[in-house]
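Let's take a friendly walk through this structure, one region at a time. Have the viewer open and follow along as we go.

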Amino acid sequence: MINLEVKNLNIEYSTRNGTVYAVKDASFKVKTKETLGIVGESGCGKSTTGHAILRLLPPNAKIKGNVIYNNKNILELSNKQMRQIRGKDISIIFQDPMTSLDPIMRINEHFYELIKAHNPKAKEEEMKQIAEDALESVGVSKKRLDNYPFEFSGGMRQRVMIALGIALKPSVLIADEPTTSLDVVVQEQIMSVLKNLKQTKDMSIILITHDLGVVAEVADSVVVMYAGEVVEYADVQNLYANPLHPYTQLLLKSVPNIKIGDMELRYIPGSLPDLKNIPRGCRFKDRCPYKKDICDKEEPPIFNVDNREVRCWLYGG
Ligand SMILES: Nc1ncnc2c1ncn2[C@@H]1O[C@H](COP(=O)(O)OP(=O)(O)OP(=O)(O)O)[C@@H](O)[C@H]1O
Ligand SMILES: [Mg+2]
């Protein structure tokens, strides 16, 4: 069953120096209980896509397209309707956990604020129970509810963020780089928390990361983004066994060399095109080992190959 569908999503940012075409025509579906990974190197539009789903983009962003949830395009809902969805039906863990926890609020107050936003009459006892359950499900002792954020290590804070994200049992959790700022040991712990959630909660996860190792471990299907576009979309086994897009192939080749950190994706020679001034034709052509004439002239559409999608002239046209 499809839980959430992103259809033809386009996002632009207006800036003083011109328009940044951050996301172009992105489409993907998230099934119930599925973990969908969104991967790609820095600046390719992953966070923009994730934030757009909850309409959390800054005012200089313009969104077009559809985010279908419960048979409605949530991009067309009122702000009030949107607030009811946020945190309850769909929640997000932001890229930087330190900025999303309020340093002068105890952990329990973070939970209470979230719960009250959706149920103003909630009783203290009830709220405490929700907070305790959420914390324990990510391996943090409920005794720590009275602590302030600074009393936690980075990994623990990230668990608290995940606990807040799942406290109201959302049907979709968007996790934006949940392991990036953490050391390797803690990364592994957070990964196992996510894997565990996937098994025990009735929840879809959209996992945004530039770490293909993380995706291989927890995702069921994968969206590969390049310069604002979805260039490949496949289930995880097929993608790793037989990557179709030249960009995916290079990404996967670069992984075994350097396992950790954000280094691996920089090992593909060249850089992303300027999103304010996107060249004609394929966006990846200047870094592509298989470039043909048509790649200079025309932007490739999405081709369907064996139940997967790939945006590359090698597969059609
Ligand atoms: N508020 C903004 N105003 C203008 N441009 C922005 C804004 N936020 C992001 N961008 C630009 O949009 C593009 C996509 O950014 P985004 O943050 O979505 O990338 P990302 O894939 O999440 O990267 P990272 O892996 O570094 O988190 C980039 O070119 C970025 O510079
Ligand atoms: Mg990001």
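A polar contact here is a pair of N or O atoms within 3.5 Å. With that in hand, and bearing in mind that this is a predicted model, we can begin at the ligand. The side chain of Lys-46 places an N or O atom 2.8 Å from an oxygen atom of ligand 1. Turn next to Asn-60, where a polar side-chain atom lies 3.1 Å from a nitrogen atom of ligand 1. Taken alone, ligand 1 exposes 640 Å², and the protein buries 70% of that.

Now widen the view to the whole shell. Ligand 1 is surrounded by 16 residues, and the closest are Ser-42, Gly-43, Lys-46, Ser-47 and Thr-48. Which elements each supply at least two residues of this shell? They are strand 1 (2-15), strand 2 (18-31) and helix 1 (46-53). Helix 1 gives the most, with three residues. Sorted by class, the shell holds six nonpolar, eight polar and two charged residues.

From Ser-47 in that shell, look across to Arg-83. The two residues are 36 apart along the chain, and their C-alpha atoms are separated by 20 Å. Arg-83 sits in helix 2 (residues 79-85). Is Arg-83 buried or exposed? Its relative accessibility is 52%, and exposed means over 50%, so Arg-83 counts as exposed.

You will find His-210 in the loop between strand 8 (204-208) and helix 8 (212-218). Its relative accessible area is 13%, and the cut-off for buried is under 20%, so His-210 is buried. The side chain of His-210 is also joined to that of Glu-177 by a polar contact of 3.2 Å.

Our last stop is helix 5, residues 124-137. Which residues of helix 5 are buried? They are Met-127, Ala-131, Glu-132, Ala-134 and Leu-135. These residues cover an arc of only 165 degrees around the axis, and therefore lie on the same side of helix 5.

Technical notes: Residues are numbered from 1 along each chain as its sequence is written. Chains are lettered from A and ligands numbered from 1 in the order in which they are written. This is a predicted model: local features need pLDDT of at least 70, side-chain atom pairs count only at pLDDT 80 or more; totals for chains, interfaces and linings use all residues. Side-chain values use heavy atoms; hydrogens and water are left out. A residue is near a molecule or strand if one of its heavy atoms lies within 4 Å of it. A polar contact is a pair of N or O atoms within 3.5 Å; within protein, one must be able to donate a hydrogen and the other to accept it, and residues adjacent in sequence count only if both atoms are side-chain atoms. Accessible areas come from the Shrake-Rupley method with a 1.4 Å probe; for residues, only the protein chains shown count as cover. Helices (H or I, at least four residues) and strands (E, at least two) are DSSP runs, numbered from the N terminus. Ala, Val, Leu, Ile, Met, Phe, Trp, Tyr, Cys and Pro count as nonpolar, Asp, Glu, Lys and Arg as charged, and the others, Gly among them, as polar. Buried means under 20% relative accessible area, exposed over 50%, partly exposed in between (1.4 Å probe, protein chains only). The arc is that of the directions from the helix axis to the C-beta atoms.
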